[in-house]
Amino acid sequence: MNARGAPQIKICGITKAEEASSLNEICADYAGFVFWEKSKRNVSFVQAEKIHKVLNKGIRRVAVTVSPDLELVRQIEALGFDILQVHGRLQAEVVRHCSIPIWRACNLQKPEDMEELEQMKKIAGYVIDAGTPGSGKTFDWRGSRKAIERMKATIFARRAFVLAGGLNPENVTEAVRIFQPDVVDVSSGVEGTDGKERKLVTEFAGKVRE
């Protein structure tokens, strides 16, 4: 949570400098860059470096990965990323040798999936996402609410609870009311026909901070 008691804001899937400008305008807390070839939001290290130069220094850079190996993690560290977000498999050598905080992502098909999350000192936060990341769909909020409350009192305690999966300007107020996350994470919910749309990004931030 920020000083005003509202969740922090992460805009994920940044692919160009113009989108970074929108994040600067709303004073976003995190910018997510996807390094996964199967994603339509995948960026190269060259693209990411160019966008980094546009982002305000106060915005923390999150490298979003799927089952990364140590070589990829080393490249991410060399580019100056602040956080490594891991979907899929989290390899033991990545945990041992990663020099930046790790956010462990869970693509929630059913509430019980959260029980398989690792508990390690280097994990600084947990991202609870929809079953298919980047799909624009939410997970089952009603069916998962009690399980998430239990997790907030146990393995989420003293770590960031990042709520993702299908968030948009229309539903984020309700999502914050239900789950009270530390961070809200949006991607497709603020996209138009050509990537992140400034109007939607601004509207989303306004709803979160109301």
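Buried denotes a relative accessible area under 20%, exposed one over 50%, and partly exposed the range in between (1.4 Å probe, protein chains only). The model is predicted, so local features need pLDDT of at least 70 and side-chain atom pairs count only at pLDDT 80 or more, whereas totals for chains, interfaces and linings use all residues. Residues are numbered from 1 along each chain as its sequence is written, and side-chain values use heavy atoms, with hydrogens and water left out.

View A. Eight strands close into a barrel in the order 1-2-3-4-5-6-7-8, with parallel pairing. On average, neighbouring strands of this sheet are turned by 25° against each other, direction ignored. Strands (E, at least two residues) and helices (H or I, at least four) are DSSP runs numbered from the N terminus, and two strands pair if DSSP finds at least two bridges between them. Strand 7 (residues 160–163) runs parallel to strand 8 (residues 183–186), and two bridges join them. Val 162 stands opposite Val 183 of strand 8.

View B. Five of the five residues of strand 4 (residues 83–87) are buried, so the strand is largely enclosed by the rest of the structure. Ile 83, Gln 85 and His 87 point one way, while Leu 84 and Val 86 point the other way. In a regular strand, side chains alternate between the two faces of the sheet. Strand 3 (residues 60–66) pairs with strand 4 in the parallel sense over five bridges; Thr 65 stands opposite Val 86.

**View C. Helix 7 against strands 1 and 8.** Helix 7 (residues 198–209) lies across strand 1 (8–12) and strand 8, running at about 155° to strand 1. Axes are lines fitted to C-alpha atoms, for helices over the stretch in contact, and angles run from 0 to 180 degrees between N-to-C directions. Contact means heavy atoms within 4.5 Å. The buried residues of helix 7 are Leu 200, Val 201, Phe 204, Ala 205 and Val 208. Seen down the helix axis, these residues fall within an arc of 135° (taken from the directions from the axis to the C-beta atoms), so they line one face of helix 7. Their cover includes helix 1 (17–26), helix 6 (172–179) and strand 9 (191–192).

**View D. The kink in helix 5.** Helix 5 (residues 141–153) has a kink of about 30° centred on Ala 147, the bend being the angle between axes fitted to the seven residues ending at a residue and the seven starting there. Ala 147 is also among the buried residues of helix 5, together with Trp 141, Ser 144, Ile 148 and Met 151.
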